[in-house]
Amino acid sequence: MSDNWLQFVPVELGRQPTQEAAERAVAILSEFTRPLNDDACARFTDEIEFVSPGVNWESVTCPACRADLWPWWADVSNAAAENQFRDLSIITPCCGARTSLHDLHYDWPAGFGKFVLESMNPEADTSPEVERLLEECLGMKLRKVWMHI
């Protein structure tokens with residue numbers, strides 16, 4: 001059996017909300033996505049982790065010139081993982097853009113963070129209005145990541 005996870009990671013790398021705000025956001029997410037077995041939660045980590053789209057992965061490109069960055073990305077992200085993603089800053093090989101692994105263009109979206117708000121096997125997607133409500137509740141902009149495993 002496969003699973004789908006609707007995940008939200010802060011756009012600003014390393015941000016974490018308060019525990020209280022995260023609990024309110026979990027309640028909002030549960031209400032609007034109706035996950036199976038009420039499996040919505042907020043995860044806090046001490047280290048930055050990669051929030052992947054799983055098998056939804058299609059490509060990663062440069063945000064400046066849109067050049068394909070695979071397989072370069074695999075080598076650079078593996079090197080960053082060896083250092084627990086402490087430094088995600090990069091210079092792209094295509095056009096020399098200074099950016100971060102977090103800010104590359106992922107198709108399907110992906111990101112890095114120390115906080116993830118998620119819903120397992122949701123019965124519904126979130127609307128832009130619900131996403132704004134989650135952002136207001138958490139006090140930060142969010143990136144939506146659909147992971148399929």
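This is a predicted model: local features need pLDDT of at least 70, side-chain atom pairs count only at pLDDT 80 or more; totals for chains, interfaces and linings use all residues.
Cys-41 belongs to strand β2. Apart from residues up to four places away in sequence, Cys-41 touches Val-26, Val-116, Leu-117 and Glu-118. Its C-alpha lies 8.0 Å from that of Glu-23, a residue 18 positions away in sequence.

Helix α1 comprises 15 residues. From the first C-alpha to the last, α1 reaches 21 Å, which is close to the 21 Å expected at 1.5 Å a residue. Buried positions in α1 are Ala-21, Ala-22, Ala-25, Val-26, Ile-28, Leu-29, Ser-30 and Thr-33. The cover over these buried residues includes the strands β1 (4-10), β2 (40-51) and β7 (111-120), together with helix α3. An α-helix has 3.6 residues a turn, so residues three or four places apart point the same way. Directly after α1 comes Arg-34, with a positive phi near 45 degrees.

The packing of α1 (residues 19-33) against α3 (residues 128-138) is described by an angle of about 165 degrees and an axis separation of 8 Å. Because angles over 145 degrees count as roughly antiparallel, α1 and α3 are roughly antiparallel to each other. The crossing of α1 past α3 is right-handed. On the α1 side, the contact is made by Ala-21, Ala-22, Arg-24, Ala-25, Ile-28, Leu-29 and Phe-32, and on the α3 side by Val-130, Leu-133, Leu-134, Cys-137 and Leu-138. Of the residues in this contact, 11 are nonpolar, none is polar and 1 is charged.

Most residues other than glycine have a negative phi, and most peptide bonds are trans. The bond from Trp-70 to Pro-71 is cis, with omega near 10 degrees, and Pro-71 is located in the loop between β3 (59-61) and α2 (72-82). A cis peptide bond also joins Asp-107 to Trp-108, where omega is near 0 degrees. Trp-108 is part of the loop between β6 (105-107) and β7.

Positive phi values occur at Arg-66 and Asn-121, neither of which is glycine. For Arg-66, phi is about 65 degrees, and the residue sits in the loop between β3 and α2. For Asn-121, phi is near 50 degrees; this residue lies in the loop that runs between β7 and α3. Asn-121 has a relative accessibility of 13% and therefore counts as buried.

Trp-5, in strand β1, has a relative accessible area of 16% and is therefore buried. With neighbours within four places in sequence left aside, Trp-5 is in contact with Glu-118, Ser-119, Met-120, Val-145, Trp-146, Met-147 and Ile-149. The C-alpha atoms of Trp-5 and Thr-45 are separated by 18 Å, the two residues being 40 apart along the chain.

Ser-52 is placed in the loop between β2 and β3. When residues up to four places away in sequence are not counted, Ser-52 touches Gln-7, Val-145 and Met-147. Val-145 and Met-147 are also among the contacts of Trp-5.

Other than its neighbours within four places in sequence, Thr-99 is in contact with Pro-63, Leu-88, Ser-89, Ile-90, Thr-92 and Leu-104. Ser-77 is located in helix α2. Its relative accessibility is 6%, so Ser-77 counts as buried. With neighbours within four places in sequence again left aside, Ser-77 is in contact with Phe-85 and Leu-101.

Note on methods: Residues are numbered from 1 along each chain as its sequence is written. Side-chain values use heavy atoms; hydrogens and water are left out. Axes are lines fitted to C-alpha atoms, for helices over the stretch in contact, and angles run from 0 to 180 degrees between N-to-C directions. Helices (H or I, at least four residues) and strands (E, at least two) are DSSP runs, numbered from the N terminus. Angles under 35 degrees count as roughly parallel, over 145 as roughly antiparallel, 65 to 115 as roughly perpendicular and the rest as oblique. A crossing is left-handed if the near helix is turned anticlockwise from the far one by less than a right angle, and right-handed if clockwise. Contact means heavy atoms within 4.5 Å. Ala, Val, Leu, Ile, Met, Phe, Trp, Tyr, Cys and Pro count as nonpolar, Asp, Glu, Lys and Arg as charged, and the others, Gly among them, as polar. The expected span of a helix is 1.5 Å times one less than its number of residues. Buried means under 20% relative accessible area, exposed over 50%, partly exposed in between (1.4 Å probe, protein chains only).
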